[in-house]
Amino acid sequence: MQILEILKNAMDRGSSDVFIIPGSPVYAKAQGRMQPLDGPRVMPPDSEQLIRQLYEKAERGMDALLKEGDDDFSFSLPGLKGRFRCSTYKQRSSLACVIRVVTFGLPSAEEMQIPATVMDLYNIKNGMILVTGAAGSGKSTTLACLIDRINREKSGHIITLEDPIEYVHSHQKCLVSQREISHDTESYSAALRAALRQTPSVILLGEMRDFETIQTAITAAETGQLLLSTLHTIGAAKTIDRIVDVFPAHQQGQVRIQLSMVLKAVVSQQLLPLTDGGIAPVFEVMRITPAIQNHIRSGQTFQIDNAIYAGEKDGMQTMDGDILRLYRAGRITKEVALAYAANPQAMAAKL
């Protein structure tokens, strides 16, 4: 079994992820569904051989994996029109990995079903925009579409800090510098501090992972750049609470004030299974208004959902409203609508 054959097979099927886990056949995920690829069960020696092939293709040493127990990297291969983002790890004394398949070329907002309420955020000049959602919900794709729109419509210097780089942006009206964490720079926080000295117009921060990165990101957004980043939260209110909770109690009041000033929008997204077997995204979009600023500053984030509902005419939309749209179009079942709703009781009444 050769890793090149597995990756080609997965790409031919339109897969988004490949799973190499000992004791099971190699699996691929396409349209949200897991399917085994052709071949026998992978045993520990087989998985180690395949993962060693991955490292050879990426021209990367395995020291981090063998010492730390996990490793992340990306690479591309001649003849295959895509990049591969690999997460390798130890499990039950054997080696396993999950490979994200990213096809070359930037995604189209229309093809990805990203609404205008999200894409219009490219016009924001400074501050912070957050795209949030569970792992695999399409946050990176949404950010790539926004960066591409900025690149084509505005001028300036875009700096992306990613772990690893997924989409490659060419220079359009903007100059684009793309830095990969651990390959081009030591850490998100170090790269972000350096970016502030590199005259950026826009900074894409792949993920706000820890206290230091979040603190530096808020500072960067205060200094006049537009900063885009992600968090693994669903809903604007929970996102704000998550950021504030990272800080010590004595700093939280000040952080709320800072957030109320620098935060410009929060986009939350989920991927829903459709009745035809496909998947489609749904979005909540919050844009900062004076009322929402006051809710953030005073710690009344529980009022934000009502403010988003009241602001739908001003470019905002609720998650449940977008879910209801798919249900009324016959694209999702009642069970799916209730399972993914932010407020299942209210959704049940509308259904």
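**Close-up views of salt bridges in a predicted model**

**View 1. The salt bridge between Glu48 and Arg52.** The side chains of Glu48 and Arg52 meet in a salt bridge, with N and O 3.2 Å apart; the term stands for a side-chain nitrogen of Lys or Arg within 4 Å of a carboxyl oxygen of Asp or Glu. This is a predicted model, in which local features need pLDDT of at least 70 and side-chain atom pairs count only at pLDDT 80 or more, while totals for chains, interfaces and linings use all residues. Residues are numbered from 1 along each chain as its sequence is written, and side-chain values use heavy atoms, with hydrogens and water left out. Both Glu48 and Arg52 belong to helix α2 (residues 44–58), where four residues, about one turn of the helix, separate them; helices (H or I, at least four residues) and strands (E, at least two) are DSSP runs numbered from the N terminus. Glu48 is partly exposed at 33% relative accessibility, and Arg52 is partly exposed at 37%, where buried means under 20% relative accessible area, exposed over 50%, and partly exposed in between (1.4 Å probe, protein chains only).

**View 2. The salt bridge between Arg83 and Glu180.** The closest N and O atoms of Arg83 and Glu180 are 4.0 Å apart. This pair links distant parts of the chain, since Arg83 lies in strand β5 (residues 82–91) and Glu180 in strand β9 (residues 174–180), 97 residues apart. Arg83 is buried, with a relative accessible area of 14%, and Glu180 is buried as well, at 10%.

**View 3. A network of salt bridges linking Asp163, Glu207 and Arg209.**
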